[in-house]
Amino acid sequence: MRLLLVDDEASILEMMSEYLRETGHQVETASSVREASERIFRKKETFDVVITDRRMPNGDGLELMKKIQKQSAQLPVILISGDLNRKHTEFFFDGQKYFFLSKPFEWEELESILFQIAKNE
């Protein structure tokens, strides 16, 4: 799968990218909501999934999710947050399925969500 990881912390992007590449995914990164939006909407880069942090000083992953839903509804989004009290969950927003993953998470939880997304494509 071709993934876009969005997080303002370079160390998180590096760690997640390394793991996901080792498990066979093609990974691109963006350090802000603005950069991710530019890649998805202006440059029209194609991704199978966007994985984004919820809270960043330069933008909000929830804003990005809403923009994706409006303009590219078929693009799955995994929203990662330290604010959740559940491990992971799926939810629907305007009829589109999205995924929340709570920090800290196990790699197997992320892979399980990616497998579920791939199965539904």
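Modeller: We begin with burial, where a residue is called buried under 20% relative accessible area, exposed over 50% and partly exposed in between, with a 1.4 Å probe and protein chains only. Helices (H or I, at least four residues) and strands (E, at least two) are DSSP runs, numbered from the N terminus. This is a predicted model, in which local features need pLDDT of at least 70 and side-chain atom pairs count only at pLDDT 80 or more, while totals for chains, interfaces and linings use all residues. Residues are numbered from 1 along each chain as its sequence is written, and side-chain values use heavy atoms, with hydrogens and water left out.

Colleague: Which elements does the chain contain, and in what order do they run from the N terminus?

Modeller: The chain has four helices and eight strands, and from the N terminus on their order is β-α-β-α-β-β-β-α-β-β-β-α. Of its 121 residues, 46% are buried.

Colleague: Which residues of helix H2 are buried, and what do they pack against?

Modeller: In H2, which spans residues 33-42, the buried residues are Val33, Ala36, Ser37, Arg39, Ile40 and Phe41. An α-helix has 3.6 residues a turn, so residues three or four places apart point the same way. Taking contact to mean heavy atoms within 4.5 Å, the buried residues of H2 pack against E1, E2, E3, strand E4 (55-56), strand E5 (59-60) and H3.

Colleague: What follows H2?

Modeller: H2 is followed by Lys44, which is found in the loop between H2 and E3 and has a positive phi of about 60 degrees although it is not a glycine. Lys44 counts as exposed, at 61% relative accessibility.

Colleague: Is a loop residue such as Leu75 buried or exposed?

Modeller: Leu75, in the loop between helix H3 (61-71) and strand E6 (77-81), is buried, with a relative accessible area of 7%. From C-alpha to C-alpha, Leu75 and Met65 are 9.4 Å apart in space, and they are 10 residues apart in sequence.

Colleague: How should I read the pairing of E1 and E2?

Modeller: Two strands pair if DSSP finds at least two bridges between them; here five bridges join E1 to strand E2 (residues 26-30), and the two run parallel. Val6, for example, has Ala30 in E2 as its bridge partner. A crossover is right-handed if, with the strands pointing away from the viewer, the path from the first strand over the helix to the second runs clockwise, and E1, H1 and E2 make a right-handed β-α-β unit. Within helix H1, Ser17 counts as buried at 3% relative accessibility, and, leaving aside its neighbours within four places in sequence, Ser17 is in contact with Leu5, Val27 and Thr29.

Colleague: Finally, which residues lie nearest the centre of the second largest pocket?

Modeller: On a 1 Å grid over the protein atoms alone, a pocket is an open set of points where a 1.4 Å probe fits, with protein on both sides within 12 Å along at least five of seven lines, and lining residues have an atom within 4 Å of a point. The second largest pocket is lined by 15 residues, of which Ile12, Met15, Met16, Lys103 and Phe105 lie nearest its centre. The largest share of this lining, four residues, comes from H1, and strand E1 (2-6), helix H1 (10-22) and strand E3 (49-53) each supply at least two residues.
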